[in-house]
Every structure is written in C-alpha cells, then in structure tokens.
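Here is a short report on one protein chain. Look at the structure first, then read on.

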Amino acid sequence: MRSNYRRIGDFIELVDERNIDLKVDTLLGLSIDKIFIPSVANTVGTNMKRYKIIRKNQFACSVMQVRRDKKMPVALLKEYDEAIISQAYPVFQVKNESELLPDYLMMWMSREEFDRHACFLAVGGVRGSLEWEDFLDIELPVPSIEKQQEIVAEYNTVVNRIKLNEKLNQKLEETAQTIYRQWFEEFEFPIPKELAEEMGTPELEGKPYKSSGGEMVYNEELDKEVPAIWMKGKLNDIVDFSERRVLTSELTPKNYISTSNMLPDRGGIEESKSLPSVRTVTKFNKSNILISNIRPYFKKIWLAKFAGGCSNDVLCFVPKEKFSSLYLYFLLENDYFFDYVMRGAKGTKMPRGDKAWVMNFSIIVPQSNLTNQFSLLTSSLMRIIKLKNNETNILQSLVRFLLSKMASIENPREKEMA
C-alpha cells in the first residue's frame with residue numbers, strides 16, 4: 001500500500017438527525033446506481049418522525065445484501081438542501097472538507113473496483129451484508145486538497161456534459177410526444193391535400209383537422225368523438241407479438257432484457273445482472289417495443305435501440321407493415337393502455353397481463369400515410385437523440401477511465417521527496 005492511502009473511517013462520521021418536528025417532507029430513496037431517487041414507498045400510517053434527515057453534501061448508504069447485488073448503494077446528496085430517507089440507511093459526512101472533498105470520496109466509491117472490494121468483504125457478513133467496520137477500513141488515496149479539486153473538476157466536466165445530453169434528449173422526446181398527442185389524441189393532424197379537396201375546401205390543406213371543421217363521429221368504446229375518416233380497430237390490427245427465438249448462448253447481459261432490468265415509469269432499461277438458464281428466449285429487433293408483463297402498473301416500456309433477446313415475462317410487439325414504430329410506442333406508453341392491461345391481468349400479488357386481452361385493446365386506426373408522415377417528422381428528432389446517445393456512451397467510457405485512474409494517484413509531496 002502506498003503511504004498516501006488512508007482509511008475511509010479516518011475521514012467520516014455518522015450522522016443521526018431525525019425528522020422530529022416533521023419540517024422536512026422531501027422523501028428520497030437510494031438506488032443501486034448510487035443516486036437518490038424520489039421514493040415510491042407507501043407511507044400511509046408511517047411515523048415520519050423516525051425518518052432520518054440528510055443534508056446537502058452528506059451521504060447515505062446501504063450495507064445490506066451487498067454480496068447479492070454486487071454493489072454497495074451509496075450516494076452524495078447534491079440536488080437538495082435537505083431531505084428525509086428511511087431510518088434503515090446509515091447517513092454519514094466528511095468530518096473535515098479541507099482534508100477530503102465529499103465529491104472526491106463519492107468518485108472513489110463509484111468505481112467498479114470499490115464495489116468488487118465491498119462485495120469481497122461482504123462474503124463473511126450476515127446475508128451478504130457489509131459490516132460497517134469493514135466499510136470504514138476500506139482505503140483510498142488521499143492527495144493534496146488542490147489535487148482533489150483538480151480531479152473532481154475534470155470529472156464533473158464530463159459528467160455535466162452527460163447530464164446536458166440527457167436533458168436535451170428528454171426535451172426532444174417530449175417534442176415527439178407533443179406532436180403525437182396533437183395528431184392522434186387531439187386530432188389536430190394536418191389535413192392532407194386529397195381530403196381538403198374532398199371537403200370542398202382546398203385552402204384547408206395542412207390545417208389542423210378538428211379545429212378546421214373535420215368531420216367527427218362518436219366512438220362508444222372510446223367514449224369520445226374521433227375523426228370520421230379513421231377506422232375502428234383493435235391492437236392486433238397494427239401489431240403482432242414476436243414469435244422469433246434466439247439462443248441464450250448468443251446473448252450478453254447488455255442485450256438481454258427481463259422484467260427486472262426494465263425501469264419503471266417508462267424509464268427504459270439497464271444492463272442485466274445475469275442471463276437465464278433456458279436454451280432460447282424471445283428474439284427482438286431494433287425498433288420493436290418491449291413491455292414488462294409482470295405488474296403492468298409499473299409501466300415498464302422500451303423502444304428497442306438494438307437487437308437481442310427477452311424473457312417470457314416481457315411482451316415484444318412488432319409493428320405490422322405500414323405502421324410506424326414511433327407511433328406504436330407512443331400509443332402504448334399512455335396511462336390508459338397500462339390501465340387497460342391491469343383490468344385484464346391475472347393474479348393479485350404479482351399480476352400478469354393476459355396476451356389475448358392486450359391484443360383486444362380498442363383503438364382507432366389512422367391512415368398509414370399519416371403514421372408514416374408522423375414517423376418522418378419525428379425521425380429527425382430521433383436521429384439527434386441517437387447522436388447524443390452515441391456521444392454519451394463515449395463520455396461514459398471517459399468517466400470509467402477517470403475513475404480507474406484514481407488508483408494511481410501519487411501524493412505530490414511524496415514525489416518531491418523521492
């Protein structure tokens with residue numbers, strides 16, 4: 001061990017401040033990805049006075065089941081001045097920030113090597129938990145505070161660019177969603193030339209359909225007025241379930257999708273932690289739509305960015321010819337679709353959607369040229385999103401490099417004395 005390595009326990013102290021007066025009401029959870037997330041816990045009837053207060057630049061962690069998760073969940077609070085978290089989480093802070101920067105410590109605990117070491121130490125713990133004293137004994141290089149500031153600044157430059165890309169992509173996706181809602185929910189799609197001529201008003205070409213006097217008829221199943229030129233239909237009129245199979249041996253954790261590595265509330269996916277033991281699974285292609293069929297109320301849906309395989313608990317939708325994947329994605333990501341799936345789900349503790357019921361979902365089918373026009377209009381937005389995702393992948397590789405480089409940090413004073 002180099003002499004500039006020190007115990008984490010030399011620099012931190014536990015904090016146990018409770019929400020006695022109930023003044024703090026921002027409730028956060030702790031993600032395995034080492035970030036704080038808004039809590040989805042049911043707190044009805046819970047005594048919130050027992051919850052711990054965490055303040056800006058303080059940490060919260062979980063030492064439970066580190067061996068099972070192969071990660072130690074730990075996060076540094078930066079986005080709030082104060083919040084509350086479960087009393088089960090240890091809260092700690094750096095004792096002297098002139099010796100160790102909280103951001104620098106968080107960088108060290110974000111390293112894959114840190115998680116591997118924590119997992120190794122947790123082998124002897126009860127239920128694979130990391131003992132607190134073992135955590136305190138983990139060591140890290142502690143260079144001068146000036147060097148720490150330099151390292152953190154370099155790291156934050158890259159991380160902030162990643163966050164900027166994510167915000168831009170979110171805005172672009174919201175723009176595509178807005179266009180979808182205007183066209184296919186509010187029925188303000190641009191009137192095509194042929195229809196304008198049929199209406200005897202060629203000057204309405206390109207004008208919004210409903211507000212320009214387009215004929216509407218009442219649809220009893222949907223309980224609303226819809227364009228008279230659209231057809232009644234069911235989901236199976238525009239989509240099929242994938243019947244293709246792929247060998248599990250041809251997959252990796254990066255392109256295998258199960259309900260456990262799909263994120264709730266339309267959050268997309270994360271890398272799988274394992275592969276299934278079965279010989280084959282359902283194959284999906286780029287632009288297929290994947291939806292978790294377990295507990296549909298979690299609203300797990302993903303528009304595939306690559307080809308791969310998915311478990312039997314994931315529904316893989318393949319658009320029929322002439323129908324846009326983007327149109328189908330926005331149709332299925334709506335709350336009313338997931339509510340419909342839940343009404344036909346079987347089971348109480350872990351409800352599962354019924355495939356026949358899902359395919360019987362009532363829709364109105366627009367002309368295919370309109371969905372293609374929508375696809376063309378939004379495809380430019382999707383291309384920008386793809387470019388930003390590619391840039392983010394490169395930046396994330398740089399983040400991993402910067403974190404790995406921390407192990408070779410030398411103390412400048414020792415270097416001068418050598």
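## Helix α8 and its neighbours

Start with helix α8. Its buried residues pack against strands β18 (289-292) and β19 (301-303) and against helices α7 (325-332) and α9 (355-359). This is a predicted model.

Which residues of helix α8 (residues 335-343) are buried? They are Phe 337, Phe 338, Tyr 340 and Val 341. These residues cover an arc of only 155° around the axis, so they sit on the same side of α8.

## A four-stranded sheet

Now turn to a sheet. Four strands form an open sheet with antiparallel pairing, in the order β2-β9-β6-β7. Strands β2 (12-15) and β7 (74-76) are the edges, and each of them pairs on one side only. From one strand to the next, the twist averages 30°.

Look at one pair inside this sheet. Strands β6 (residues 59-61) and β9 (residues 91-94) run antiparallel and are joined by two bridges. Phe 59 stands opposite Phe 92 in β9.

A helix packs on the sheet too: α2 (residues 102-109) touches β2, β6, β7 and β9. The direction of α2 makes about 155° with that of β7.

## The whole chain

How much of the chain is buried? Of its 418 residues, 45% are buried. The chain exposes about 22,700 Å², and carbon and sulfur atoms supply 50% of that area.

Contacts come last. Among those with a separation of 6 or more, 74% join residues 24 or more positions apart.

Key. Residues are numbered from 1 along each chain as its sequence is written. This is a predicted model: local features need pLDDT of at least 70, side-chain atom pairs count only at pLDDT 80 or more; totals for chains, interfaces and linings use all residues. Side-chain values use heavy atoms; hydrogens and water are left out. Two strands pair if DSSP finds at least two bridges between them. Axes are lines fitted to C-alpha atoms, for helices over the stretch in contact, and angles run from 0 to 180 degrees between N-to-C directions. Contact means heavy atoms within 4.5 Å. Buried means under 20% relative accessible area, exposed over 50%, partly exposed in between (1.4 Å probe, protein chains only). The arc is that of the directions from the helix axis to the C-beta atoms. Accessible areas come from the Shrake-Rupley method with a 1.4 Å probe; for residues, only the protein chains shown count as cover.
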